[in-house]
Amino acid sequence: MNVAEKQSELKKWYQLNFQTFEQSLNGSKASPLHSVRVKAFEAFVKNGFPTPRTSEDWKYTNLQPIVKNDFELAAFLKSHQVSIEDVNKLALAKLAGDRLVFLDGVFAPILSEITNQKGLSVRSFSDLEKSSDKQHKDLLSEHLTKYVNLEEYGVAALNTGFVNDGALIEIEEGAEIEKPIQLLFISTVHSRPTVSYPRVLLVSRKDSKATVIENYKGFGQNTYFTCAVTEAFLDESADIKHYKILEEGSEATHYGHMAVVQSAKSKFSTSSFSYSGKLIRNEVTPILNGEEIECHLYGLSVLSEEQHVDNFTVIDHKKPNCHSNELYKGIYKDKSRGVFSGTIIVRPDAQKTDAIQSNQAILLSEDAEVDARPQLKIWADDVKCTHGATVGQIDQDALFYLRARGISEVQAKHMLMQAFAIDIFQEIEDDFLRESLENRFLELL
Amino acid sequence: MMLKISDLHVEIEGKKILKGLNLEIKPGETHAIMGPNGSGKSTLANILAGRDGYEVTKGEVIFEGKDLLDMDPEERAREGVFLAFQYPVELPGVMGSYFLRNAFNAVREHRGQEPMKPREFNQLIKEKAELLQLNEELIKRSVNEGFSGGEKKRNEIFQMAILDPKLCVLDETDSGLDIDALQIVSNGVNTLKKEDPRKSFIVVTHYQRLLNYIVPDFVHVLVDGKIVKSGDKDLALHLEEQGYSWVNDNLSA
């Protein structure tokens, strides 16, 4: 079978799944989600899975593991039992605040905790559908798919074709949400390859402030595919801190797309921690649609064996006087591979743009590999854009200096790698979150 | 005997640097190693600390009855050999206090001592920082990052004071120091000598100037990988007046 045939076979498989899925949702065809799904799935069918040949954006990351597996919709299969103890282990349990737990993309109310913080609405799509909360139902149908570009991002369209459950977060005007909102997406163990489609919609109103954590966890060594999309809208002067923790199973593929639209004077930052998973693709595509916006993207990967992480970002500066800053760091062992593609677009109107991009890697093995693809597309003349990429090994002089003070070689290496990642961790305000992520990082070294 | 170097031959990438060096150091002695550029002074300092890239082709180095060359750098440090670097390395992101605590406890553990209580350790840091006139805030920041030349050298001696080694090797500690910094560094070294009269020092230097402050018991002149002349502190003065060519002339005479 050639690639084109395989592609079309694959589409057939997903088409079949799509039909079964739609039929299973008895009576919900009237739901506004139905038309969203149909439209999105058409977009996916039109474009199919991107390959290195069909898309420059997928030059270094091949979705073959997905293409060759017939993934079944995990939500259809009987879910593996997950106890509250399991959840407490997987979640950042000590983080007080709202916690929504999804098993294979399906909301699990008994495992979740909603604290009703003032100015915050956290609902699952499934919960909302059953309720009479017209206000949030309208919010969902008004905003869902408003921010993600389904024509451009085919895999995000696939997610949208299967959208059924997910997390809706609304932060009211002027509200400062003190405790982080944690979304825990657990992939449970199945005997067959499975797929799930987590979805998040975040709407932050004027002058609101909140921290949102997306935490993806896998249990075992089963093959699965997490296909996740997050959309975030920041109204004027909204301030959102977002974290994404990836500890997927050893045979898991994770595709995550984060579409962000920012309004004037808003502040957005996201940090992704790619700690485990066989193949990870993180797409972040903020659109800076107002003046005096701040946008920060951070990423840290620690990979071993044949793990592969692709951080893909497109920052679109549409208006003047905005600042964007990207810092991606990776430590690569064994035969692991890191890819960074960072595009900065500066539109003709976006004068006085200040954009910084940096991508740094430490290779701990001769077989590890890093590819960087920075792209600047600048149509304004009064802008400051810098990008830089460094790839190196552990600094031997630094290593000797530490050892000459009595510190063991192993510990010295850990100290240097910790130092390498320090600016990513320093961005985390919450002490518990920072320590948890840093400790996990040290364990992986 | 604390240190015994016998017939030491060392090469770097096939190039012979040390060509049969002999040196014996007893506890409490201070030895100055002087010599022109390229004579092998820094090689000697680095080989004692265990830096990579040197090949010992002949000879041995015995430290307190143990084969020093057989040990990893960290083992040597724990056994009590300390190298004050000619070019201290900047470690961005490695916080000074964290670094010192780890180093200090590694050395203590090796000596069979319990880790020191944080309060006691902070007191120790305070005391030694004062001795070297180092700002405590500077010590807490990334190690050596953005330090001036003088601050880096003082930081080396400060670390030496904290780790309390038996044998201190000072590699061109005077290079790049102004007279004030030189006095602070020397004063630090002399205080350590007074506190522990059994500490030994190898002071590697190109100039005699430092030896006005840190007075050696012995001065050795290293030329072309060998010690060609040894004497007391007056030898350093002769060298200062006559230059290294004087030694060469004397040898050939």
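Is B:D72 buried, exposed or partly exposed? At 40% relative accessibility, B:D72 counts as partly exposed. The points below concern a predicted model.

1. **A bridge between chains.** B:D72 forms a salt bridge with A:R403, at 3.9 Å from N to O. A:R403 sits in helix α8 (residues 396-403) of chain A. B:D72 sits in the loop between β5 (66-67) and α2 (73-79) of chain B. The pair therefore joins two chains. A:R403 has a relative accessible area of 12%, so this residue is buried.

2. Now turn to chain A. The side chains of A:E247 and A:K217 meet in a salt bridge, 3.4 Å from N to O. A:E247 belongs to strand β11 (residues 239-247) of chain A, and A:K217 belongs to strand β9 (residues 209-218) of chain A. The pair therefore ties together parts that are 30 residues apart in sequence. Are the two partners buried or exposed? A:E247 is buried, at 15% relative accessibility. A:K217 is buried too, with a relative accessible area of 8%. The cut-off for buried is under 20%.

3. **A bridge between neighbours in sequence numbering.** B:E127 pairs with B:K128 in a salt bridge, and their closest N and O atoms are 3.7 Å apart. B:E127 is partly exposed, with a relative accessible area of 42%. B:K128 is buried, with a relative accessible area of 6%.

4. **The network and the total.** Some salt bridges share partners. A:R403, A:E409, A:K413, B:D72 and B:E74 are joined this way into one network. How many salt bridges are there over all chains? The count comes to 41. In general, side chains of opposite charge can pair when their charged atoms come close.

5. **Two packed helices.** Helix α4 (residues 118-131) of chain B packs with helix α6 (residues 149-163) of chain B at an angle of about 140°. Their axes are 10 Å apart. That angle makes α4(B) oblique to α6(B), because angles over 145 degrees are needed for roughly antiparallel. The crossing of α4(B) and α6(B) is right-handed.

6. **What meets at the crossing.** Which residues of α4(B) take part? They are B:F121, B:L124, B:I125, B:K128 and B:A129. From α6(B) come B:F158, B:A161 and B:I162. The residues of this contact between α4(B) and α6(B) divide into seven nonpolar, no polar and one charged. Look again at B:K128. This residue belongs to the helix contact and forms the salt bridge with B:E127.

How values were computed
Residues are numbered from 1 along each chain as its sequence is written. Chains are lettered from A and ligands numbered from 1 in the order in which they are written. This is a predicted model: local features need pLDDT of at least 70, side-chain atom pairs count only at pLDDT 80 or more; totals for chains, interfaces and linings use all residues. Side-chain values use heavy atoms; hydrogens and water are left out. Axes are lines fitted to C-alpha atoms, for helices over the stretch in contact, and angles run from 0 to 180 degrees between N-to-C directions. Helices (H or I, at least four residues) and strands (E, at least two) are DSSP runs, numbered from the N terminus. Angles under 35 degrees count as roughly parallel, over 145 as roughly antiparallel, 65 to 115 as roughly perpendicular and the rest as oblique. A crossing is left-handed if the near helix is turned anticlockwise from the far one by less than a right angle, and right-handed if clockwise. Contact means heavy atoms within 4.5 Å. Ala, Val, Leu, Ile, Met, Phe, Trp, Tyr, Cys and Pro count as nonpolar, Asp, Glu, Lys and Arg as charged, and the others, Gly among them, as polar. A salt bridge is a side-chain nitrogen of Lys or Arg within 4 Å of a carboxyl oxygen of Asp or Glu. Buried means under 20% relative accessible area, exposed over 50%, partly exposed in between (1.4 Å probe, protein chains only).
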